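Thanks for asking me to look this one over. My notes are below, in the order I would read them with the viewer open.

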Amino acid sequence: MEDFVFHARTKIIFGRNTEVQTGASIKPFIGDKKVLLHYGQGSIVRSGLYDRVVDSLKAEGIEFVELGGVVPNPRLALVREGIEMCRSQDIGFILAVGGGSVIDSAKAIAIGACAGDDFWERHYVSDEPVIEAIPIGTVLTIPAAGSEASPGTVVTDEPNERKLYAVSAEVVPMVSILNPELTLTLPADQTAYGASDMLAHIMERYFTNTEHVEVTDCLCEGAMRAIIKIAPLVLAEPDNYDYRAEIMLAGMVAHNDSLGIGRIGDWMTHDIEHELSAIWDIAHGAGLAVMFPAWMQHVHRSNIPRFVRFAENVFDVREGSDEEKIQKAIDALRAWYQSIGLCTSLRELEAVEQDKFELMAERCVGDGARGGIMQLTKNDIAEIYRIAWQ
Ligand code: NZQ
Ligand code: ZN
């Protein structure tokens, strides 16, 4: 097992009607400054959540300004607008109300407001550590990215077709409010993208060469089995609070790193997917459903016992040689994605063009190699895109 520091600083307030606690729960972090209320394209207005959050801020006497309009795969241009607002309006806290895109945009604003105009080059293009950020809080409306308790922020520089991330303990939210009732309005496709993303967050941690990690192996396997079981139930009964609650908890646990401690994760499938959504603006969870089986197909021979364990303990594959078990598990994973309505071939994803595979692979790793289970070169990655196309 690897050495680790685990500091879960996010206070999670989970359950029905919890958004009325927004004002009171963020008040200790604001001081005498204002809040920037950040949100997406209107789902929170239509559902009435916007009004309830605003009421809770007013009830605590919290002054706020607002910036809506975050789109999925959040854009750097809006982040820069938010940074300007922070500077001109004396903002001391950012409240993100929405999904991973809103939260990630809020985190980027939080970093940029402290770091200066070159924050993108320093912290996203390069990986200079973030030393300061405005504190943030969230009211989550979609279980998916896990950004409500993660140190990550992923932002798209649209003109340059780059989707890049920064990771810093400074942007882990102080408070996140998770009310499963708020997710009842989610359409089936977003529900499925979310399930795909949270499963991927666990697989990225599970597929490791680190040994003697039995505790987190078992936690990962249990959480993966739960997501595989619950996601189809949520889709079959979208108004069922209890299923929505289970999947919302899973999304948070999948990415607050409690399942990744002491082990070196892989994360290449995420990087490979981000190149896809950077160019074609597809949903992250949709891209992962296509890329994960293709990645497994390409890399599994680097650590056969780990993939056999996955086959046996996650998909109950007991029969056959090691290679046959792994193939059955990859087939079972594809079948699960399809059962929740997701495509498993790049060919089926609208707009994706094969002639960009080499460019995407090059952008992903340059002339070097990266990865946990297996070090991937640009040739490996182009091959993974080709497998995903079949
Ligand atoms: O903008 P609005 O109107 O709110 O609509 C959103 C959006 O269109 C809608 N939606 C959200 N909650 C809803 C709802 N519609 C009806 N009812 C509700 N309750 O859903 C759409 C998708 O929202 P988005 O925030 O984009 O989804 P998600 O949470 O999946 O976030 C995806 C982003 O997170 C990044 C992804 O790359 C992608 O950019 N990730 C962030 C991570 C992190 N920060 O740790 C890790 C992940 O691996 C991921 O990369
Ligand atoms: Zn993800």
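The points below cover a metal site, a helix pair and one further residue.

1. A word on the source before anything else: this is a predicted model, so please read each point with that in mind.

2. Let's start at the zinc ion (ligand 2). Its protein donors are D197 through OD and H201, H270 and H284, each through NE2, at 1.9 to 2.2 Å from the ion. Along the chain, these donors follow the spacing D-x3-H-x68-H-x13-H.

3. Next, the helix packing. The axes of α7 and helix α10 (residues 268-280) come within 9 Å and cross at roughly 135°, which means that α7 is oblique to α10. On the α7 side the contact is made by D197, A200, H201 and E204, and on the α10 side by M268, T269 and H270. By type, the residues of this contact divide into 2 nonpolar, 3 polar and 2 charged.

4. Finally, do have a look at D217, placed in helix α8 (residues 214-236). With 3% relative accessibility, D217 counts as buried. Leaving out residues up to four places away in sequence, D217 touches Y206, R263, R306 and R309.

Definitions and conventions. Residues numbered from 1 in each chain as written. Chains lettered and ligands numbered in written order. Predicted model: local features only at pLDDT ≥ 70, side-chain atom pairs only at ≥ 80, totals over all residues. Heavy atoms only, no water. Donors = N, O, S within 2.8 Å, 3.2 Å for Na, K, Ca; no water. Axes fitted to C-alpha atoms, helices over the stretch in contact; angles between N-to-C directions. Helix = DSSP H or I, 4+ residues; strand = E, 2+ residues; numbered from the N terminus. Parallel < 35°, antiparallel > 145°, perpendicular 65-115°, else oblique. Contact = heavy atoms within 4.5 Å. Nonpolar A, V, L, I, M, F, W, Y, C, P; charged D, E, K, R; others polar. Buried < 20%, exposed > 50% of the residue type's maximum accessible area, 1.4 Å probe, protein only.
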